[in-house]
Amino acid sequence: MSKPLEHIRNFAIIAHIDHGKSTLADRLIQTCGGLEEREMKEQVLDSMEIERERGITIKAQTVRLAYTAKDGIEYQLNLMDTPGHVDFAYEVSRSLASCEGSLLVVDSTQGVEAQTLANVYQAIENDHEILPVINKIDLPAADIDKAKEQIEDVIGLDATDAVPVSGKTGINIDQLLEAIVTKLPCPKEGAADKPTKALLVDSWYDSYLGVVILVRVIDGYLRKGQKIRFMKAKATRDIDRVGMFTPKHVLLDELGPGEMGFITASIKDISETKVGDTITDEKKPCETALPGFKPSIPMVFCSLFPVDASEYEKLRDSLGKIKLNDASLHYETESSQALGLGFRCGFLGLLHMEIIQERLEREFDLDLIPTAPSVVYKINMTDGSQIELYNPVDMPDVQRIKSVEEPWIKATILVPDEYLGGILTLCQERRGVQIELNYAGNRALVVYRLPLNEVVFDFYDRLKSISRGYASFDYALDGYDENDLVKLEIRVNQEPVDALAMIVHKDAAESRGRQLCERLKDLIPRQMFKIAIQAALGGKIIAAEHLSALRKDVTAKCYGGDVSRKRKLLEKQKKGKKKMRQYGNVEIPQSAFINALKMGDDK
Amino acid sequence: MSELFGVYIHWPFCASKCPYCDFNSHVASNIDHHAWRDAYRREIEYYASLLKGRVVTSVFFGGGTPSLMQPETTAHVLDTIAENWSVARDAEITLEANPTSVEAGKFRDFKSAGVNRVSLGVQSMRDDELKFLGRQHTAAEAIKAITIARDTFERYSFDLIYARPEQSVTDWRAELQDALRYADGHLSLYQLTIEPGTAFHTMYQRKDFEVPDEDDGGALYEATQEVMEEAGLPAYEVSNHAAAGQESLHNMTYWRYGDYVGIGPGAHGRITMNGQKQATRAHKAPDVWMGRVKENGHGSHDFEVITDDQLFEEAMMMGLRLRDGVSITGYEERFDMGRIHALEGEGLVTLNGQTLQPTVKGLQRLNGILNYLL
Ligand SMILES: Nc1nc2c(ncn2[C@@H]2O[C@H](COP(=O)(O)OP(=O)(O)O)[C@@H](O)[C@H]2O)c(=O)[nH]1
Ligand SMILES: C[S@@+](CC[C@H](N)C(=O)[O-])C[C@H]1O[C@@H](n2cnc3c(N)ncnc32)[C@H](O)[C@@H]1O
Ligand code: SF4
Ligand SMILES: [Mg+2]
């Protein structure tokens, strides 16, 4: 039997990284007896983290807790752990859409951070009731009043009812549980007698169960054996399991209105289960799908090449394995003259890109050359058509281009006063437009509109180094705008180096081009012939360097008849040649390109 | 000219170890000269049994410091060679010598033993530089040794090491001019190479000193060519200069990829047996080598057959060290003619008929050329 709506509370936990979300979740689980003492280990949610166990990226999770409140009623609390980064903004929004409230956890020794803000705004957009929780009050440096003040000043939320707790020692956890029941709302709508309507919150691949789908039921029921339909994916399946996490797997007969849990339906391909889709009954479907569904669109692109060309197949298999669990990863084969065979990959954002690259290198033991990250440009052609440009190499001929649009973001930055100047300069350099500048205590809250292209290229690293690590940064996509964008091409002995092509703003093209030429000049070893390194904009050379030919390279002494030693040296060099690329009559080691890409934007 | 066939004898001992040197040389206090004599004899006899009927065109005593040998040992070795092979009438018999007074005092005895050419390790004409190079002699002693050598032997040569730390082109030109006053027909001029495993390597890593970079080294090399050409001793090989007809026949055997037998610890050989080129490589440690000789009659590791590919590479690598170049007959299809022409265009090689020849400009970039062509 499922619970009446009034006895259900679905809530998410919002926190900046390290403010104690996982620890607090542990305490709540422990207090409600979700796990026995001996099963309790630190950061239960993290250790279940499918990431580690089954190799998933970042997935939403739910835990169902039974809490008997002071009013004597046993409540069903569904705690939702959302992925915590804007790269997964859409996934986060769907997780939030499945809840009615949020706990806003603020570390009382740190205060409000940028990531907290972005998440709070999302929760507010989803109509959440927000309960502030001031954490880590066991620490001597805790300043509860200041944290409350910041919640009011920076976020604009009433902090009168904020609950001060320690997730670590368990201080005030009971008080927090009581507040969850009394302050957070129960599911607003939901009828047992209406046709089944459930939100697909997230899904992941499990090698035993197939795809596991996390759901939130709005109306009706989900039961074992039921024939269901995924409205957006237009697929029909039979449910073979219904259950919940406590955090252990527990099978149930059904999930009813307002409840959260999981189902499996013998699905092998995760791309069938789209986050935000509506699940309904095949025979008796609901009339309209839930609002807010968006297909996942990659925002940031880069190409990945194996350092060792023979690892191409392995790279493909590895991407396939990751894709099994991460429908948002896109990739297709790319063939580069400079770097060989690889893949053009699309990611939801920077973090997503980093995670995938790291997993490929660590879990799959691949040595990769990533090209500079790029974004998706919209090219308006003179013939009136519009194309989307995923790879700078594919930029059409300038004569055929009417205009180019690039994606922008709205960035929220919180930075201590003394570093504000540097941060503003950085944003300005990156073509940013200031929208807001406020002070909260000794920190500034800066909101800028920035081209995403300028942010994908080491913006975050620069931000951190300028502020000595104290600035926090978050962003949300903010549409496309037309701009003076051009393709910068690097040529070695007149031949374009595809891996180094990039789209840049016209004003930055010359300095960028010069920088790359100088860099390559240092990286390419001298050869028998002189080498011309040029930067070109649509056929026009804007910067050039010349690497003169080798002046001296000879073994002075010839060891009394020890020819083998010399021959082996030569053979070793010949092997090295396999990692060379031919440009005209010169051979350039792949490593020169790799390093040119690696060096980022350092000035 | 008759077919070249050289015998190399390695003497692995020195009075002290020079900081730049990675040759197979050891400082030992008590050397059993009789044992060495016997071991050399046995190994020579071994190779002679494999290579019957060859005519020896050169013998080279290298080291180490062969001038520390007892002249009796030298004589014994030369006698053994003569007993086992026929020796060409005009065979070149070279001995490497260090220009200290002790060694110069033995020149007459080496001459009696059959040596007709010495190669002196002078290294520098400057006392402070000789000190830096860890040498046991002064410039004056070197000059004295050269004079004695001139009076004793039919031919002599000496070695200099240049491109030393901080050495300017001007300094080097002057030093080279000094050296030329004592040269006669042949000089070896080596740019200092920092070899792994040497004392200099450690010092270099520690940045105790710097050596000329590619451009400065290039300028020094170019100046050397200019001075030597003017003096009538042009380069006939990357680091070797001689008046016409004064080239070292033994070294030419290496560069022309002829056969040579390697006797003694760490010695290398290239010998043709049943139409098949083989590489021999003796154990490096003197006592190990000695033990093997006693046991097997020779101190080499297993002989290694040189494959066709290797043969081609070795022949080109060695042959292109010579200004006269190398014949590519039989190897035409192994070359990318486009590449040869590209190098010709840069003035780095010439192709005259079947002879591929590096220019002087090419010699100083030989590794690059080999890399590009092979
Ligand atoms: N002293 C103290 N430390 C805490 C408390 N809550 C979390 N921590 C510590 O803060 C760090 C980050 O906590 P974690 O739960 O992983 O944060 P998350 O990144 O938000 O999940 C860990 O080292 C925790 O042990 C608390 O209430 N008091
Ligand atoms: C077998 S070695 C030395 C022979 C003899 N023991 C001597 O020291 O004169 C032959 C020559 O190689 C040169 N040589 C040795 N090591 C060198 C190095 N690291 N760099 C340049 N030349 C070197 C020296 O000129 C040396 O005379
Ligand atoms: S340079 Fe000559 S003397 Fe010096 S250690 Fe080497 S072989 Fe011996
Ligand atoms: Mg955590």
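Helix α1 of chain A, residues 21-31, gives the most to the shell around ligand 1, with 3 residues. The model is predicted. In total, 16 residues lie around ligand 1. Gly20(A), Lys21(A), Ser22(A), Thr23(A) and Lys168(A) come nearest. By class, the shell around ligand 1 holds 3 nonpolar, 8 polar and 5 charged residues.

Chain A has 603 residues. Its secondary structure comprises 15 helices and 34 strands. Buried residues make up 49% of the chain. Contacts in chain A were also sorted by sequence separation. Among those with a separation of 6 or more, 70% join residues 24 or more positions apart.

Helix α4 of chain A spans residues 89-97. Of its 9 residues, 8 are buried, so the helix is largely enclosed by the rest of the structure. The buried set runs from Ala89(A), Tyr90(A), Glu91(A) and Val92(A) to Arg94(A), Ser95(A), Leu96(A) and Ala97(A). These buried residues pack against one helix, α5 (114-125) of chain A. They also pack against the strands β1 (8-15), β3 (74-81), β7 (197-206) and β27 (472-483) of chain A.

Leaving aside residues up to four places away in sequence, Ala235(A) touches Phe230(A) and Glu272(A). Glu282(A) lies 47 residues from Ala235(A) along the chain, and the C-alpha atoms of the two are separated by 9.6 Å.

The two chains meet. On the chain A side, 22 residues are in contact with 40 residues of chain B. The side of chain A that touches chain B has 8 nonpolar, 7 polar and 7 charged residues.

Ligand 2 was examined next. Residues from chains A and B surround ligand 2, so the site is shared between chains. There are 19 residues around this ligand. Those that come nearest are Tyr20(B), Gly121(B), Asp159(B), Tyr190(B) and Thr193(B). Three strands of chain B, β2 (55-63), β4 (117-123) and β5 (155-162), each supply at least two residues of the shell. By class, the shell around ligand 2 divides into 7 nonpolar, 8 polar and 4 charged residues.

Chain B also contains a helix pair. Helix α1 of chain B (residues 33-50) and helix α2 of chain B (residues 71-84) have axes that come within 10 Å. The axes cross at roughly 20°. The helices α1(B) and α2(B) are therefore roughly parallel to each other. The crossing of α1(B) past α2(B) is right-handed. From α1(B), the contact is made by His33(B), Trp36(B), Arg37(B), Tyr40(B), Arg41(B), Ile44(B), Glu45(B) and Ala48(B). From α2(B), the contact is made by Thr73(B), His76(B), Val77(B), Thr80(B), Ile81(B) and Asn84(B). An α-helix has 3.6 residues a turn, so residues three or four places apart point the same way. By class, the residues of the contact of α1(B) with α2(B) divide into 6 nonpolar, 5 polar and 3 charged.

Notes. Residues are numbered from 1 along each chain as its sequence is written. Chains are lettered from A and ligands numbered from 1 in the order in which they are written. This is a predicted model: local features need pLDDT of at least 70, side-chain atom pairs count only at pLDDT 80 or more; totals for chains, interfaces and linings use all residues. Axes are lines fitted to C-alpha atoms, for helices over the stretch in contact, and angles run from 0 to 180 degrees between N-to-C directions. Helices (H or I, at least four residues) and strands (E, at least two) are DSSP runs, numbered from the N terminus. Angles under 35 degrees count as roughly parallel, over 145 as roughly antiparallel, 65 to 115 as roughly perpendicular and the rest as oblique. A crossing is left-handed if the near helix is turned anticlockwise from the far one by less than a right angle, and right-handed if clockwise. Two residues are in contact if their C-beta atoms, placed from the backbone, lie within 7 Å. Ala, Val, Leu, Ile, Met, Phe, Trp, Tyr, Cys and Pro count as nonpolar, Asp, Glu, Lys and Arg as charged, and the others, Gly among them, as polar. A residue is near a molecule or strand if its C-beta atom, placed from the backbone, lies within 6 Å of it. A residue is buried if 20 or more other C-beta atoms lie within 10 Å of its own, exposed if 12 or fewer, and partly exposed in between; C-beta atoms are placed from the backbone.
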